[in-house]
Amino acid sequence: MDIFVQQLINGLVLGSMYALVALGYTMVYGIISLINFAHGEILMVGALTSWTVVQALAGTGWPGWVLLLISLVVAVVACSALNFAVEKIAYRPLRNAPRLAPLITAMGMSLLLQTLAMIVWKPNPKPYPPLLPQDPIFLWEAGPVITPTQIVILVTTVVVLALLLWLVNKTKLGRAMRATAENPRVAGLMGVRPDHIISATFVIGATLAAIAGIMWAMNYGTVQHSMGFLPGLKAFTAAAFGGIGNLTGAM
């Protein structure tokens with residue numbers, strides 16, 4: 001029983017990080033039918049950006065949670081700007097091209113971002129400092145344990161997913177996103193700007209990937225330029241298994 005509950009906790013923590021990345025995949029595909037294989041590299045950029053900020057502020061003496069929040073804001077801004085640029089430069093010119101062209105471009109963008117990250121941050125793995133308490137919390141005596149970091153990961157994921165569902169289902173932007181996904185031309189006739197909505201979707205997806213990247217770094221304590229490939233691949237599998245383009249299915 002103890003082993004089962006422990007593995008259940010580990011699976012929920014890991015799955016929550018995959019869910020955030022899978023949502024980015026499924027949102028982009030739902031609107032423009034593009035599988036953005038560079039999405040895992042956005043996670044990697046978020047984690048490495050956070051690591052850079054934490055290292056730069058390490059000598060300030062500020063509490064770990066303050067460093068975490070600052071690095072999270074910087075990582076979200078950096079990833080959002082990067083994904084916005086990727087969509088505008090690499091994907092938008094190919095929007096009406098045969099389906100294979102943007103798919104190959106996405107793979108190429110993934111390799112390009114990995115290579116640039118390796119040049120900027122060097123290829124060696126870097127330890128991500130523990131910003132939150134690591135003392136294990138026993139659910140019962142000599143039973144399964146959970147750390148404060150894992151609790152933060154689970155709570156953050158639930159809050160973020162709830163906010164995303166509210167955004168998509170209850171707000172004007174969400175209605176515009178659903179209209180664009182249904183028929184971009186008709187949505188344009190109704191006053192929706194499909195290009196703006198698509199860019200906003202990429203920015204939201206980048207925000208989710210940045211949060212997932214920092215969670216990954218906090219949970220495993222290391223970052224490197226190739227860290228986004230495997231989570232991206234597994235998150236894409238989750239999105240496909242849940243029905244690509246379906247938010248609740250991805251979750």
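A polar contact is a pair of N or O atoms within 3.5 Å; within protein, one must be able to donate a hydrogen and the other to accept it, and residues adjacent in sequence count only if both atoms are side-chain atoms. The model is predicted: local features need pLDDT of at least 70, side-chain atom pairs count only at pLDDT 80 or more, and totals for chains, interfaces and linings use all residues. Residues are numbered from 1 along each chain as its sequence is written, and side-chain values use heavy atoms, leaving out hydrogens and water.

**Exercise 1.** Find the backbone oxygen that lies 2.8 Å from a polar atom of the T201 side chain, then describe the setting of T201.

*Solution.* 
- Locate T201: helix α8, residues 194-220, holds this residue. Helices are DSSP runs (H or I, at least four residues), as are strands (E, at least two), numbered from the N terminus.
- The backbone oxygen belongs to I197.
- T201 has 2% relative accessibility and is buried. Buried means under 20% relative accessible area, exposed over 50%, partly exposed in between (1.4 Å probe, protein chains only).
- Leaving aside residues up to four places away in sequence, T201 touches M27, V28, I31 and M177. Contact means heavy atoms within 4.5 Å.
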